[in-house]
Amino acid sequence: MKISGLLTISLASAALASVSGAALADPAAGKATFNDICSECHETADFEGEDAAELTATIKKIAAGQMKHKKALKLTDAQAADVAAFMAGGGK
């Protein structure tokens, strides 16, 4: 029973950590980064309503060179989350 309880607590903690990272994203900072780096080729309206966590994961893959993209991105995890939050909100 102790192992099951510890496993439950561990899983809950991991889930909370992943949600809190998205919740702490700063769309205003994301707007500035998006305008500097992404707006040349992308429009925020194209991403409105998308899941911010999925967008963050995609942006991180692009920045890590794991996903093909027109140009290389150099972003921190926090910047990726900020841009994703801004994009998911449709630029609002």
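A pocket here is an open set of grid points with protein on both sides within 12 Å along at least five of seven lines, and its lining residues have an atom within 4 Å of a point.

**View 1. The largest pocket and its centre.** This is a predicted model. The largest pocket is lined by 13 residues. Nearest its centre lie His42, Ile59, Ile62, His69 and Met87. The volume of the largest pocket is about 210 Å³.

**View 2. The helices around the largest pocket.** Helix 2 (27–38), helix 3 (52–63) and helix 4 (77–88) are the elements that give two or more residues to the lining of the largest pocket. Helix 3 gives the most, with four residues. By type, the lining divides into ten nonpolar residues, three polar and no charged.

**View 3. The aromatic pair.** One aromatic pair turns up in a search of the whole structure. The ring centres of Phe34 and Phe86 are 5.6 Å apart and their planes stand at 55°, so the pair is tilted. Phe34 sits in helix 2 and Phe86 in helix 4, 52 residues apart, and the pair links these distant parts of the chain. Phe34 counts as buried, at 2% relative accessibility. Phe86 also counts as buried, at 5%.

**View 4. Confidence along the chain.** The average pLDDT of the chain is 82. A score of at least 70 is reached by 75% of the residues. Over residues 10–21, pLDDT stays under 50. For residues 10–21 the model has zero contacts beyond four places in sequence. Where pLDDT is low, predicted coordinates should not be read in detail.

How values were computed. Residues numbered from 1 in each chain as written. Predicted model: local features only at pLDDT ≥ 70, side-chain atom pairs only at ≥ 80, totals over all residues. Heavy atoms only, no water. pLDDT = per-residue confidence, 0-100. Contact = heavy atoms within 4.5 Å. 1 Å grid on protein atoms, 1.4 Å probe; cavity = no way out; pocket = protein on both sides within 12 Å on 5 of 7 lines; lining within 4 Å. Points joined across faces, edges and corners; volume = space filled by probe spheres on them. Nonpolar A, V, L, I, M, F, W, Y, C, P; charged D, E, K, R; others polar. Phe/Tyr/Trp six-rings, centres within 6.5 Å; stacked < 30°, edge-to-face > 60°. Buried < 20%, exposed > 50% of the residue type's maximum accessible area, 1.4 Å probe, protein only.
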